[in-house]
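Thanks for coming, everyone. Let me put the model up, and then we go through it piece by piece.

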Amino acid sequence: MNTTFIKTNPEGKNYRPSRRTVEIVGHELLTQDIVRLTISDEYTAQQGQAGQFVNLYSKNPLQMSPRPFGISEIHGDKVSFIFAVVGRGTAEFRDMSVGDRIDILGPLGKPFDVSKTGRYLLVAGGLGIPPILHAAQKLSQRDDAQVTTMFGYRNEHFADSYVDQYCDDTRSIDNAQGNVIDLLNTWIQENDVKDLKSRAEDIHILTCGPEPMMKAVAAWACEHNIDTQLSLEERMGCGYGTCVVCITPTIHGNQKVCIEGPVFTREELGWK
Ligand SMILES: Cc1cc2nc3c(=O)[nH]c(=O)nc-3n(C[C@H](O)[C@H](O)[C@H](O)COP(=O)(O)OP(=O)(O)OC[C@H]3O[C@@H](n4cnc5c(N)ncnc54)[C@H](O)[C@@H]3O)c2cc1C
Ligand code: FES
């Protein structure tokens, strides 16, 4: 593997590998336009945390900007991503094959805080599902955390078979059936509301998906007094803090989603 690690100080603090070339070791179409791509990359496999992303680079010199993708799963030194083909960059990655090589940078961004005990409600929609899948995988390694996943799909339920490995309470819905708020309401009906409020400090929501969905989840969480972390999928340029393309308003002023996020709390975003 052509991997160059750079130490930025003698103690190894801020140790971060530069852009590097890795091998594609898995490539499958989950639906007509959703791809699961797996690379072999020891550093990302060891360091990648739930909610972090990597930059994937096009081989086309005219496409300078990298494309950011949330890590969806890690097994050994293999790191997977699930992405939808929406434009030129993702079409190029779809057309790659096992054995091809691709440039990456990462892992990047601030991860979810998954250190608390209790029940996690992992709520995701569309292309927000892959990074939440990684949160489910990480939490499945803990004895003191329980997980319920609630995924909203446009149509095909492309990630259910993956998340089933990590949690025993997986719920999903597609546009024809409803949305993730319906799943949250069903879940709360199954739990005693008074009991839920008394246990609210032990319940945590992690969410990622289209902004209107996340705003609705934040409002639901506010109503039920549940702490919530949200991962924003803002348009990005560089992915590491230099181009200022990815600004979002927060209570601390405008912040860069690529380095101060993509994960923010409900309070930081002022979403109620
Ligand atoms: C932190 C982060 C994590 C992401 N994780 C995933 C993931 O796990 N799976 C996945 O499928 N996608 C993910 N995305 C979105 C992904 O980066 C874009 O879909 C991709 O860059 C599009 O590249 P393209 O060249 O194919 O499309 P382009 O030609 O650049 O754009 C095609 C269309 O896609 C839209 N688009 C491009 N980027 C975004 C974006 N960030 N959000 C919404 N719409 C966009 C454009 O507006 C345009 O309509 C993530 C984005 C971010 C910022
Ligand atoms: S994407 Fe360049 S500063 Fe965030």
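First, a term: contact means heavy atoms within 4.5 Å. With that in hand, take Leu-184. Setting aside neighbours within four places in sequence, Leu-184 is in contact with Leu-121, Val-123, Met-150, Val-217 and Trp-220.

Some ground rules. This is a predicted model, where local features need pLDDT of at least 70, side-chain atom pairs count only at pLDDT 80 or more, and totals for chains, interfaces and linings use all residues. Residues are numbered from 1 along each chain as its sequence is written, and side-chain values use heavy atoms, with hydrogens and water left out.

Now the cores. A nonpolar core is a set of buried Ala, Val, Leu, Ile, Met, Phe, Trp, Tyr and Cys residues joined through side-chain atoms within 4.5 Å. Buried means under 20% relative accessible area, exposed over 50%, partly exposed in between, with a 1.4 Å probe and protein chains only. The largest nonpolar core here has 32 residues. Those with the most contacts inside it are Leu-121, Val-123, Leu-184, Ile-205, Val-217 and Trp-220.

Which elements give two or more residues to this core? They are β5 (53–57), β9 (101–108), β10 (118–125), α5 (180–190), β13 (203–208), α7 (211–223) and α8 (257–260). Helices (H or I, at least four residues) and strands (E, at least two) are DSSP runs, numbered from the N terminus. There is also a second, separate core of 28 residues, which includes Ile-129, Phe-151, Ala-159 and Val-163. In soluble globular proteins, nonpolar side chains tend to be buried together.

Next, the annotated site. The unreviewed UniProt entry puts a "binding site" annotation on Gly-89 and Thr-90. Such positions are given in the numbering used here, feature names are shortened, and annotations may be inferred rather than shown by experiment.

Gly-89 lies in helix α2 (residues 88–94). Is Gly-89 buried or exposed? Buried, because its relative accessibility is 2%. Not counting residues up to four places away in sequence, Gly-89 touches Gln-63 and Arg-67.

Thr-90 lies in helix α2 too. Thr-90 has 7% relative accessibility, so it counts as buried. Beyond neighbours within four places in sequence, Thr-90 is in contact with Phe-69, Phe-83, Ala-84 and Val-85. Its side chain reaches the backbone nitrogen of Val-86 at 2.9 Å.

Last stop, Asn-175. Asn-175 sits in the loop between β12 (169–174) and α5. Asn-175 counts as exposed because its relative accessibility is 55%. Leaving aside neighbours within four places in sequence, Asn-175 is in contact with Tyr-153 and Arg-154.

Note on methods: Chains lettered and ligands numbered in written order. Polar contact = N/O pair within 3.5 Å; in protein donor to acceptor, adjacent residues only side chain to side chain.
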